[in-house]
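Please report on the structure shown below. Keep it brisk, for someone who has not seen it before.

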Amino acid sequence: MPTQDTLFPITEAQRTAYARQLRQGFGRLRFEPDLEAAFMADFDRGLDRRLAWLSLLITVVWLVFTALDPVRMQPDRLPPAQLGLWTELLLVRGVVAAVLLGATWRAWRHPLGAHRRRWVVATALVVTVGGAWGATCYLRLGGFQPLEILLLLVAGLFLPIGLTLRQTLPLAAVCLTGMSAVGVLQLEGAAQGRFLYLAGLMVLTALLAAFGAYHREYAQREQFLLRAELGWQAGHDALTGLCNRRLFDDRLQALVRQVQRDGLPLALVLADVDHFKRFNDVYGHPAGDAALQTVAEVLQAMASRPLDLVARLGGEEMAVVLHGASQADAMRLATQALAALRERGVPHAGSEQGWLGMSLGLAMAEPGDTPLALYQRADRALYQAKHSGRNRVIAAA
Ligand SMILES: Nc1nc2c(ncn2[C@@H]2O[C@H](COP(=O)(O)OP(=O)(O)OP(=O)(O)O)[C@@H](O)[C@H]2O)c(=O)[nH]1
């Protein structure tokens, strides 16, 4: 998906797929495969920086708690039998701190890119299980530990940390199992009971957070589809489906620069329906609209290359930009378009020939050209086509 926020460069076919998905819904938080890939690319935008900051924050909090451990537990006053436990706590704190420092360094140093999900999963697992382990050490040492802090860790898994809900659920299940296993294996009696009670609360927390995450992701997906539709509408003409003037101006500018750099030819063909005012007067505006759609289809058929561009510039004036086409190619395509419109046989009593025709002006991009200069040459050629009998193509000298 630019995301491309203002103009979402989707094709007509993609737009149909987006609209279909929007109609079908996505209650299971999954799009059709192509759309899913586009959504994931959009979903991942700007994530690396956010994760780097989050990782730094967690690391700082973890280091602060680690630094406070000796103050809170006063190891020199612990009975010798508990020194082993103190070492265990220090080890757990140290391992998690080392992993967090490494993860933060990695996230700041290089974009996580393809490793992002693995990075998130590994960091989350170490922090949740390490957090639970540290908490059980505290309990066994007889110190005060607000175990409820573990609930925050569980809820944190459902924050926008780069996983979809489908990816978060198995991770949360593994983390909860790991945390509960630590409690069951390390604790006994009342402390174990209290930890198991907390494990139950963790499951409830996970369910509540998952409920919120479901609705957040649903809204995010819906917004993605709607943004594509809006972007398409911003760059296209509602009647013919062709690019509008705004998108045409943007793309023509880029195309002119591109061919000048690549040394390729570029042709601009301007088209204007002949005696269209009379057509509207005789057949009515709705028939005029249908006639414009026919002309748009005929012009669209001229554009077969990926960088070709067909636009409605306003009223009954349209344009075709042919990337890499020589003047002879462009002339041939324009003549074929005239013949194709003739074949459509749209009656036009107010025209010279009795059926709907159009006049075409062709100009080739020249070295050092600006889009405006190119447009003006094509416009002069169109003017000549109009004034030399209409329903023909004239190339700028
Ligand atoms: N049906 C319909 N008509 C439109 C639309 N946009 C512009 N027009 C009409 O197109 C006509 C353009 O008329 P003119 O600019 O005088 O040109 P023309 O009659 O085609 O004459 P020539 O260009 O000299 O052949 C006007 O009557 C506009 O109302 C549209 O979206 N739908």
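Gly25 follows helix H1 and has a positive phi, near 85°. Helices (H or I, at least four residues) and strands (E, at least two) are DSSP runs, numbered from the N terminus. This is a predicted model, in which local features need pLDDT of at least 70, side-chain atom pairs count only at pLDDT 80 or more, and totals for chains, interfaces and linings use all residues. Residues are numbered from 1 along each chain as its sequence is written.

**Two helices and their lengths**

The expected span of a helix is 1.5 Å times one less than its number of residues.

| Helix | Residues | Number of residues | End-to-end C-alpha distance | Expected span |
|---|---|---|---|---|
| H9 | 245-262 | 18 residues | 25 Å | 26 Å |

For H9 they are close. H9 is followed by Gly263, whose phi is positive, near 70°.

**The buried side of H9**

A residue is buried if 20 or more other C-beta atoms lie within 10 Å of its own, exposed if 12 or fewer, and partly exposed in between; C-beta atoms are placed from the backbone. Which residues of H9 are buried? They are Leu247, Phe248, Arg251, Leu252, Leu255, Val256 and Val259. These residues lie on the same side of H9, because they cover an arc of only 155° around the axis. The arc is that of the directions from the helix axis to the C-beta atoms. An α-helix has 3.6 residues a turn, so residues three or four places apart point the same way.

The cover over the buried residues of H9 includes helices H8 (189-235) and H13 (371-387). Strands E1 (266-273), E2 (309-314) and E3 (317-323) are also among it.

**The strands**

Two strands pair if DSSP finds at least two bridges between them. E1 and E3 are antiparallel, with seven bridges. Asp272 has Glu317 in E3 as its bridge partner. E2 and E3 also run antiparallel, joined by five bridges. Here Arg312 is opposite Met318, and Gly314 is opposite Glu317. The hairpin of E2 and E3 has two residues between the strands, and Gly315 in this hairpin has a positive phi near 50°. E3 is mostly covered, with five of its seven residues buried.

**Around the ligand**

How many residues surround the ligand? There are 16, and the closest are Asp274, Phe276, Lys277, Gly288 and Gly315. A residue is near a molecule if its C-beta atom, placed from the backbone, lies within 6 Å of it. E1, helix H10 (276-283) and helix H11 (285-300) each give the shell at least two residues. Four residues of the shell are nonpolar, five polar and seven charged. Ala, Val, Leu, Ile, Met, Phe, Trp, Tyr, Cys and Pro count as nonpolar, Asp, Glu, Lys and Arg as charged, and the others, Gly among them, as polar.

**Two single residues**

Leu362 sits in strand E4 (residues 358-364). Is Leu362 buried or exposed? Leu362 counts as buried because it has 25 C-beta neighbours inside 10 Å. Contact means that the C-beta atoms of two residues, placed from the backbone, lie within 7 Å. The C-alpha atoms of Leu362 and Gly134 are separated by 76 Å.

Arg50 belongs to helix H3 (residues 47-73). Arg50 is partly exposed, with 14 other C-beta atoms within 10 Å. Arg50 and Phe211 are 161 residues apart in sequence, and 23 Å apart from C-alpha to C-alpha.
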